[in-house]
Structure formats: structure tokens, C-alpha cells
Amino acid sequence: MSAQSAHTSVLDDIVAGVREDLAAREAAVPLVELRAALADAPPPRDPMPHFRSPGSSVIAEVKRRSPSKGDLADIPDPAALAAEYTAGGAAAISVLTEQRRFNGSLADLRAVRAAVDTPILRKDFIVAEYQLVEARAAGADLALLIVASLPGDRLQRLYDAARDLGLTVLVEVHDEAETERAVELGAELVGVNARNLKTLAVDPGTFARLAPLVPEDRVLVAESGIGGRPDVERFVREGARAVLVGEALVKDGAPRAAVASMTGVGA
């Protein structure tokens, strides 16, 4: 890896774009207005009982494209896809809302919310409280916080803000130091992402390496590189209670059956 690319990683580039887009939305709708919209949001749904129940839970993702693979799927109707996921037994539905690299939007999240009662995760690069309020106002029940993108006390501040809003927080880690921070935070739901967000390389051994660092009373989610049931079986053996699956599901012609095949493993 060159010195240049070490200084500006893929994650840095994504976050820079996210901040630009965020500034535009904040200028259009001030935080105080956004907070007023929360009055109409339904109370958040709690996904943790499902995650803690016997057998694997699936967080099924609505994902149009990715920085590593480019366009993954044409999803003309995210609500219809979400309904298929729900019919297959998904414990939660992840909706990518980052627009530049993932071609997602809050409109996708709102469409999914209108279609299903399943808990919804806002999957984005969250760097400000504004995005958490946006998530709740759009009907999200969970929010993703990526430890790698939240240095210093920013992680704690956003975690507390999310909890105050009633959001369940999926705290995502990639290495030992990040896992330690997530555990110290008291995160109940810890996602281990096998994809290095600085280089986009996937290391299949990441989950097995980091899982033992997380206390058994927390819920571990395996993320990235899950192609089908055999992968889920491996992650469950290594300590996962849930798996977050995007690419394999959006490319599968039968998303309902694919979710069902990955649900309840190890029960």
C-alpha cells in the first residue's frame, strides 16, 4: 500500500462525501425541524429478542451497488424486495442509504418502512446526530455506527444519542482495537465486518479472530462474505447469533428462499 493511499483510505473518501451530502440536507431541513417530525414516527421496534432467540437470525440488506463490486442489482422496488425478505423470516432489514458509492437513499428506507413491520436498520456512514434523527424520522429502528469512522469521544456521543432516540445500535468493528472500544462502550449488538473499509479487501478469518474478545452476553453479527447456508453454519459455530447479508440476497433470484435457508441455523 502506498504512502498516499494509506493517508486517504476508501473510508476517508466515503466519509468526506457523506459529510458534503449531509451539509446540503442540514441546510434544507434544520435539525429542529427534523426533530419535530419525530412526533409522527412510530415507536421503534426492538430486534434484540429475535437476535437472542435460538438459531441464526438474518439481517437482509437492500443494496444496489458497492464500492468493491460496482452495480449489484437493479432494485426497481425496494419495498417488494423487503416484503420477500420478511416472508423468508428476516429478523431485520438493512437499507443502505448512502448515495454516492452505494446508490442508496432515505427514500428507499421510507418505502421499505411503509411495506413491512420488520425492524429496519439504517446502514450508512453515520458521523453526526442529525443522521440518527433522520433515521428515526424515516422509520428506522436500528442504526449502524462504524468504529473506524468515529475517533475519540465521537463514538460514545453518537451511541448515547442513538439510544436516547430509542434506536438499537449495531456497532461495527474490523480489528482488535475497534472490538475493545465496542465492548467498553457497552454495545449490545456488535457486528464484525470481514471487509477492511480502508482497502476493501475481505479477510474470512476476521470473525473467528475477534469473536472471543466480545463477552458472551452481547450479540455478535457476522458481516461480509456470506454467500449461503454453509457460511452461516461456520459463523454460528464461531459465535455469531446473526448474519448481515446483502450481495448474495440481492443477486439471488429467490430472496425469500435464500433468507429462509440462512435462518434458524444451529437452533
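I start with a term: two residues are in contact, or touch, when they have heavy atoms within 4.5 Å. Two remarks on the source. This is a predicted model, in which local features need pLDDT of at least 70 and side-chain atom pairs count only at pLDDT 80 or more, while totals for chains, interfaces and linings use all residues. Residues are numbered from 1 along each chain as its sequence is written, and side-chain values use heavy atoms, with hydrogens and water left out.

Helices (H or I, at least four residues) and strands (E, at least two) are DSSP runs, numbered from the N terminus. Buried means under 20% relative accessible area, exposed over 50%, and partly exposed in between, with a 1.4 Å probe and protein chains only.

First, glutamate 188. Glutamate 188 sits in the loop between helix 9 (176–185) and strand 8 (189–193). Its relative accessibility is 30%, so glutamate 188 counts as partly exposed. Leaving aside residues up to four places away in sequence, glutamate 188 touches Met48, Arg52, Tyr159, Arg218 and Val219. With one of these, arginine 52, the glutamate 188 side chain makes a side-chain polar contact of 3.1 Å. A polar contact here is a pair of N or O atoms within 3.5 Å; within protein, one must be able to donate a hydrogen and the other to accept it, and residues adjacent in sequence count only if both atoms are side-chain atoms.

Next, aspartate 124. Aspartate 124 is also a loop residue, between strand 5 (120–123) and helix 7 (129–137). Is aspartate 124 buried or exposed? At 5% relative accessibility, it counts as buried. A polar atom of its side chain lies 3.4 Å from the backbone nitrogen of glutamate 98. The aspartate 124 side chain also has a polar contact of 3.2 Å with the side chain of arginine 122.

That brings me to salt bridges. A salt bridge is a side-chain nitrogen of Lys or Arg within 4 Å of a carboxyl oxygen of Asp or Glu. The structure holds 18 of them.

Glutamate 134 and arginine 122 meet through their side chains at 2.9 Å, N to O. Glutamate 134 is in helix 7 and arginine 122 in strand 5, so this pair ties together parts 12 residues apart in sequence. Glutamate 134 is buried at 5% relative accessible area, and arginine 122 is buried at 1%. Salt bridges with shared partners join Arg25, Arg122, Asp124 and Glu134 into one network.

The second pair is lysine 123 with glutamate 61, whose closest N and O atoms are 2.8 Å apart. Lysine 123 belongs to strand 5 and glutamate 61 to strand 1, so parts 62 residues apart in sequence are tied together. Lysine 123 is buried at 13%, and glutamate 61 is buried at 1%.

Glutamate 84 is partly exposed at 29%, as is arginine 256 at 41%.

Last, helix 13 itself. In helix 13 (residues 255–262), Pro255, Ala258, Val259 and Met262 are buried. They cover an arc of only 95 degrees around the axis, which puts them on the same side of helix 13; the arc is that of the directions from the helix axis to the C-beta atoms. The buried residues pack against several elements, among them strand 1 (57–62) and helix 5 (78–87). After helix 13 comes glycine 264, with a positive phi near 80 degrees.
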